[in-house]
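Keep the model open beside the text as you read.

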Amino acid sequence: MKIPVLDLKSQYLSIKDEIDSAIKSVIDSASFIGGKELSAFEENFAKYCNKKHCAGVDNGTAALFIALKCLGIKEKDEVIIPANTFIATAEAVRMCGAKPVFIDVKEDALMDVEKIEDLINARTKAIIPVHLYGNVCDMDTIIRIAEKHGLIIIEDCAQAHGSKYKGQRIPVSDIGCFSFFPGKNLGAYGDGGAIVTNNEMLHKKFKKFSDHGRTEKYTHDEEGFNFRMDNIQAAILSVKLKYLDSWIHKKQLIAQKYSESLTNQITPPFVNSDNIFHSYHLYVIRTGKRDELRAHLEKEGISTGIHYPIPLHLQPAFSFYGYKKGDFPVAEKLAQEIISLPIYAELDDFSVEKVIGAIKSFS
Ligand SMILES: *Cc1c(COP(=O)(O)O)cnc(C)c1O
């Protein structure tokens, strides 16, 4: 039997009745946009993140864009983002007409906070820390630097639902953007996203901007756009949110098992476990023989992933910025060495042992 990186079908089967009836009740009510399911999910998710407000939107990329746009990021502004992230982080900056300024990462694949101040100039307006894989950036340092230079922080929490920093759920600062892409720790059955904050004025801005800038049905006091989350996705997400902590717990146990068993073969993920509660959206190991190990695992029926094979500064889409190989050595080295192993709550002990055995048998 093959072991996939992620198995959304088995997750669905484990909560099928509840999901089916949540979907059916939206269809029965024929209220598809802006209904009670959306408000309920927004309330539930804000509470889960220990924040006052949540704006449900149609995907995580839009969440980042809306936050940047509503905070006034515009042409000629610069926004510091890590070189090792999904391209959406940079796209959102670009959509505002601003410039993503890349920064190298540390061995833990998170933004290297010691390099931030070198990049700050008069055009710098914001920092987007990306809590990659479910790990959490060094927020104390990032907040200190942002306060010193008057910069906005927007946390990209797309891979870190439920992660904690010093006991507090992320986002640690004012604004956190989430994705509910199906494969994320909390995933919709289609696209979805959210922005959470304690700031009521900003929250109202996010909501209005993502719903055509409207104040009444056909009164629009500002320009906006359509970035709404629909009720079917909201209803599904409210069901799944109830299980999120138990799924994260199971993933943590699998991660612990992998890390304990494999230290001689590969480099397990770095986690500062005193400060960080890692939600293991992904379990990413490192090895000098990455392609060989991947091929070996594939032969053993074990699928793996690479998150991500090309750092953003080397993406063809951004070649016009003129970055070159060697600019961000750690991000580039990681891109050659990382493998994401199968990890999901339904992955059984037998399969975990099979993955461990297959890695041990590789030499
Ligand atoms: C998934 C992801 C996004 C974008 O979310 P979508 O819902 O796919 O638009 C943004 N940032 C990171 C780090 C992501 O992993």
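In H3, the buried residues are Glu37, Leu38, Phe41, Glu42, Phe45, Ala46 and Tyr48. Around the axis they take up an arc of only 160 degrees, which puts them on the same side of H3; the arc is that of the directions from the helix axis to the C-beta atoms. Buried here means under 20% relative accessible area, exposed means over 50%, and partly exposed lies in between, with a 1.4 Å probe and protein chains only. Turn to the face of H3 that points away from the buried side and you will find the exposed residues Lys36, Glu43 and Lys47. As background, an α-helix has 3.6 residues a turn, so residues three or four places apart point the same way.

With 13 residues (36-48) at 1.5 Å a residue, H3 should span 18 Å, and its end C-alpha atoms are 18 Å apart, which agrees. The expected span is 1.5 Å times one less than the number of residues. After H3 comes Asn50, with a positive phi near 60 degrees.

## How the model is read

This is a predicted model, in which local features need pLDDT of at least 70 and side-chain atom pairs count only at pLDDT 80 or more, while totals for chains, interfaces and linings use all residues. Residues are numbered from 1 along each chain as its sequence is written, and side-chain values use heavy atoms, with hydrogens and water left out. Helices (H or I, at least four residues) and strands (E, at least two) are DSSP runs, numbered from the N terminus.

## Helix H9 and its partners

Helix H9 (residues 231-262) packs with helix H2 (residues 16-29) at an angle of about 155 degrees, their axes being 9 Å apart. Axes are lines fitted to C-alpha atoms, for helices over the stretch in contact, and angles run from 0 to 180 degrees between N-to-C directions. H2 and H9 are therefore roughly antiparallel to each other; angles over 145 degrees count as roughly antiparallel, under 35 as roughly parallel, 65 to 115 as roughly perpendicular and the rest as oblique. On the H2 side, the residues that meet H9 include Ile19, Ala22, Ile23 and Val26, and their partners in H9 include Ile232, Ala235, Ile236 and Val239. Contact means heavy atoms within 4.5 Å.

H9 also meets helix H12 (residues 349-360): their axes come within 10 Å and cross at roughly 25 degrees. H9 and H12 are therefore roughly parallel to each other. Among the residues making this contact are Ile254, Tyr258 and Leu262 of H9 and Val352, Val355 and Ile359 of H12. Not counting residues up to four places away in sequence, Ser259 touches Pro268, Pro269 and Tyr283.

In helix H8 (residues 200-209), Leu202, His203, Phe206 and Phe209 are buried. Seen down the axis of H8, they fall within an arc of 135 degrees, so they line one face of the helix. They pack against strand E1 (53-57), helix H4 (60-70), strand E9 (175-179) and strand E10 (193-197). Met201 and Lys204 are exposed on the face of H8 turned away from its buried side.

Ile152 sits in strand E5 (residues 152-153) and counts as partly exposed at 22% relative accessibility. Leaving aside neighbours within four places in sequence, Ile152 is in contact with Leu71, Ile73, Lys125, Ala126 and Ile127.
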